[in-house]
Amino acid sequence: MEKAIEFEKRVASATADLERAVSVERDARETAETKIQQLEFKLGSLQHELETANAELELSSSAELRQAKGESRVQTEIAALQVALEARDAEIRRLKGEEGNDAATLPEHGPGASAAHIAAAQAAAGVAPAKQEQAPPPSDKTAEELELEDLLNEVMALKGEAGESAPEPETTAVESSPTAVESEPTPSSASIESLQTMESVYAEAYHATLAARKAARRKEAETWASTQVAVVASSVKEVYYWLGGGPRHGDSAVVYNRRNPNGLGDGGQLFMHLGYNGWQGDPRQVGMRPLSHDHPSRAEYWLNDQGGDWWIAEPVFVPPEANVLDFVFSDGEGEYDNAGGKDYHSPVGGDDGSPPADVDHAGEREAQLEQEFGHLDVTLAERAGRAAERKFVSRQGFDKKIKEDPATAKVVVEPDRPAAGGEIQIFYRHAANDTSDPKAPLRGAADIFVQGGWNRWTHASGFGPMRMEPAPHPPGGERAQPALVARLQIPPDAHVCDFVFTDDARTMEGRYDSRDGLDYHKKIVGARGGAVPTLRVVHVAVEMAPIAKVGGMGDVVTALSRAVIEDGHSVEVILPKYDCMDTDQIDNLDRVDAFAMKDDKTCYVWKGEVEEVPVTFLQPDTGHFDVGCIYGRGDDHVRFEYFSECALAYLAHVGDVPDVIHAHDWSTSHICFAKRNRLPPGAATVLTIHNLQFGDDLIGRAMRKCTFATTVSPTYAEEISNHNAIAANSSKMVGIRNGIDVELWDPLTDEYMPLNYNAETFAEGKSAARTELCERLGMELSETRPLVGVVARLTHQKGIHLIKHACWRALERGGQFVLLGSSPDGNVQRDFNDMAYEVGGRYPGQSGFVFAYDEPLSHLVYAASDMLLVPSMFEPCGLTQMIAMRYGTVPVVRRTGGLKDTVFDVDEDALRAQEAGLRVNGFAFDGSHDHDIDHALDRALMTYDAEPEKWRSLVGDIMRQDWGWSDPAKTYVEHYWKAAKSMKDAYFSARNKNDDDER
């Protein structure tokens, strides 16, 4: 441990020396500023890699990974990792001019990497095998000391990289289009990129978690400080400022915004009421007057009348015995601004002119939180690192994202990874004379301007509208289409560039291309200072998997929350504390608080974590949730309305001001149509409709009031757009498909698989699953008959008449059939019982029926089947078709809802799949008659029998498609940002209207 600490000190010292060298270099060579900033970012990343290098190499040779991936594959990856490191070191030596001199010792090959694998990896990567070198002289240092010294030397070696030439700018398209092309890197670059991700994934998650927890404590401390009576400050942003930095003995002056959130609004007079040292003596009253437009304080404190109405009290006499001033404001007619009952307080500066010593209340609270909870940081960071490793492994088999062709893309940014403090180029393709596309927002415009800001529009500086000029060298090489370009200098504290395009040089005039209000954004690397823009999202729901799950809502709440947290945002779920929920799956469950409701009932507050998502459980003493069930009582609407009231009361009780409150279905739709003063200030409200079969009246009321609404697939959004509850506000509706948990549903690591497999080894894995399934269900094992599977609740929604017909059709055509599921309708269940008996008699050994819900068995059915049948009459999203593809089982579906959005027919949907950036992946049909499903099922069976190579290729393709939550969560986040921004725009619009009315 002492050696590790000593090593960390040496690394820190070396890094500090390097940073000083970089600083000197920056001063001497202003033209190299961008390159140096890129180097600093690279050094920070490398330091993280060095800190966890040993842990990651151990991970590469872990038994768990070997078992999941296979010994040979792990050895190959370890060897390739060493080749990648050798290639990097060789490049460093080349840049330092050392290529012809004594070669530096290459890193030792990691554990588990055989000589054969190393040689093979070197050949694949195009790297010459390492020459044998003379052994170094004996050393009395231990192996551990030598290893630590090697790592330190690697940090020190980077001092020579400052003179390295800058790379050619890379390009990236900001949005995808049908003209996308897939990136095909060379074998060496592809393997190095993949393995560098493997070696750094743990470190990135580990350090990101530490940083996120520290940032969360700071935010919580600031929120706490803003609610405390004893907070003493020389200024409160957008409320008041003491001129000169704070009050001093004698005459002082203060400016005040009467339109602040606690303010007095418009009026004809204003007074300040002043005391000191805890309101000693009789309060004095000081008259105030409007602040003149040319007053110096407007420039000093960036005061304006956009959302503000500033007044000044001058002079304000401060007695010599005053240490703290206590004050409030009034309109002289009985209305007061007393900071919500806390009053305002400011420290008094010294007689020598020294500024008042503001107490850092937020800092003190942050230190207290650090002492209470800081010891959990490492444990949670390690957990995040392991989760990141699991996620990395589960996503290794997915196809790379299809990138838009920069030669034709509408919007392109150079470089691909712009650095803070450097330059960014924004390209825009626009044909002024092309009016053929009626959806083009700027069609026919003669001039194009770009306008934007930084850090999700929160940065103090912005740019534009600035005219875009023809680009002399548009991105994309020889095939590049003409483009317009604008060049910008990036602030050193910018994390994100935000921009839109317009045809008018006047701000907020003309037409805009704003990506339907989402705006265009480009991530910036290497920012110094400033905060990475993040969101605070609170879900209010009555289900959450796995602790309180009835339908798909519970899965969405948990999976979406996890994915948005992984994207770097703060997320919390508020849930009723049911007496029937599975508390064994809740970490750190504890009762932490209580508050009174308006009906004098008490609501108890519990905290815990579910699947690494923070959850607040509310337990009102009404007994609403101590009834042994989630749904099924006649008073569900009463229970859930009361829960929604509790959720809003809780947010007010703790002073939580989220950017977004996300309600789910009718059960918490009350959140969206609550009175505005019941909602946290400035919070956007989002409603997700999981199934419009229930509570459409409540959903209709929520649609009228919510900021925006989502449903679980684009096609389902279209299908319900004319519904009475939706039609009038359908423009608010966004269809975002659900995802599946690709870590849970992963045949490579699935504990229920007799033989784990992936897209390269599916033949053996699916065969083993089929063997076990046939043994369990007493079916004949056949490697030549196609096996058609069904995993569903047997309801009319699921197309039970088509399931029955498909069963007979598959058997008649020489296939096998298996069904897992049951019906809540006794008549329907009897029909299926009778069919199972009849089928078993006519086709003995060729079918299997399990009329129950069996989670482990469902995994086996997904893996063993060749096709999965999903003939739903309607399906908001559907998960079974995506799970089936994850396991290499080809879906046969009816084109409705999410089934249409995820399954693209092999013979009929090639163009639609290309527009979605995917390959065809199944068989689909329209209609609801027997001959309709025959159209799809017959083609699937024929392809399986007559074109085995095509079938195997199809299976590999569908296993490489990513149907997880990563992409849907990013879409949700973009719409969250849009909603949060719209709430701020609405606030300032209202303030501007008030100013106009006054004029």
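This is a predicted model: local features need pLDDT of at least 70, side-chain atom pairs count only at pLDDT 80 or more; totals for chains, interfaces and linings use all residues.
Local features need pLDDT of at least 70, side-chain atom pairs count only at pLDDT 80 or more, and totals for chains, interfaces and linings use all residues. Residues are numbered from 1 along each chain as its sequence is written, and side-chain values use heavy atoms, with hydrogens and water left out.

Aromatic rings were examined first. A pair of aromatic rings is described by the distance of the centres and the angle of the planes. Rings of Phe, Tyr and Trp (its six-membered ring) pair if their centres lie within 6.5 Å; planes under 30 degrees apart count as stacked, over 60 as edge-to-face and the rest as tilted. The count by this rule is 30 aromatic pairs. One of them joins Y240 and Y344. Their ring centres are 5.5 Å apart and their planes stand at 75°, so this pair is edge-to-face. Y240 belongs to strand 4 (residues 240-242) and Y344 to strand 12 (residues 344-347), so the pair ties together parts 104 residues apart in sequence. Helices (H or I, at least four residues) and strands (E, at least two) are DSSP runs, numbered from the N terminus. Y240 is buried at 1% relative accessibility, and Y344 is buried at 6%. Buried means under 20% relative accessible area, exposed over 50%, and partly exposed in between (1.4 Å probe, protein chains only). Both tyrosines belong to one aromatic cluster, formed by Y240, W242, Y256, F327, F329 and Y344.

R258 sits in the loop between strand 5 (250-257) and strand 6 (271-276). R258 is buried, with a relative accessible area of 0%. From Y240, R258 is 18 residues away in sequence and 9.1 Å away in space, C-alpha to C-alpha. Beyond neighbours within four places in sequence, the contacts of R258 (heavy atoms within 4.5 Å) include D266, D309, W311 and D331.

Two charges lie over rings. The criterion is NZ of Lys or CZ of Arg within 6 Å of the ring centre and within 35 degrees of the ring normal. K577 lies over the face of W606, at 4.4 Å from the ring centre. R701 lies over the face of F673, at 4.0 Å.

Strand 29 (residues 684-689) is mostly covered, with six of its six residues buried. A684, V686 and T688 are buried on one side. T685, L687 and I689 are buried on the other. Strand pairing requires at least two DSSP bridges. Strand 28 (residues 660-664) pairs with strand 29 in the parallel sense over five bridges. Here A663 has L687 as its bridge partner. Strand 30 (residues 708-711) also pairs with strand 29 in the parallel sense, over four bridges. V686 stands opposite F708 in strand 30. Strand 29, helix 14 (residues 696-705) and strand 30 make a right-handed β-α-β unit. Right-handed means that, with the strands pointing away from the viewer, the path from the first strand over the helix to the second runs clockwise.

The search for disulfides (cysteine sulfur atoms within 2.5 Å) finds zero in the whole structure. The sulfur of C672 is 5.4 Å from its closest cysteine sulfur, in C706, too far for a bond. C672 is buried at 3%, and C807 is buried at 0%.

Helix 19 (residues 855-864) is mostly covered, with eight of its ten residues buried. Among them are L857, H859, L860 and Y862. The cover includes helix 16 (762-777), strand 32 (787-791) and helix 20 (880-886).
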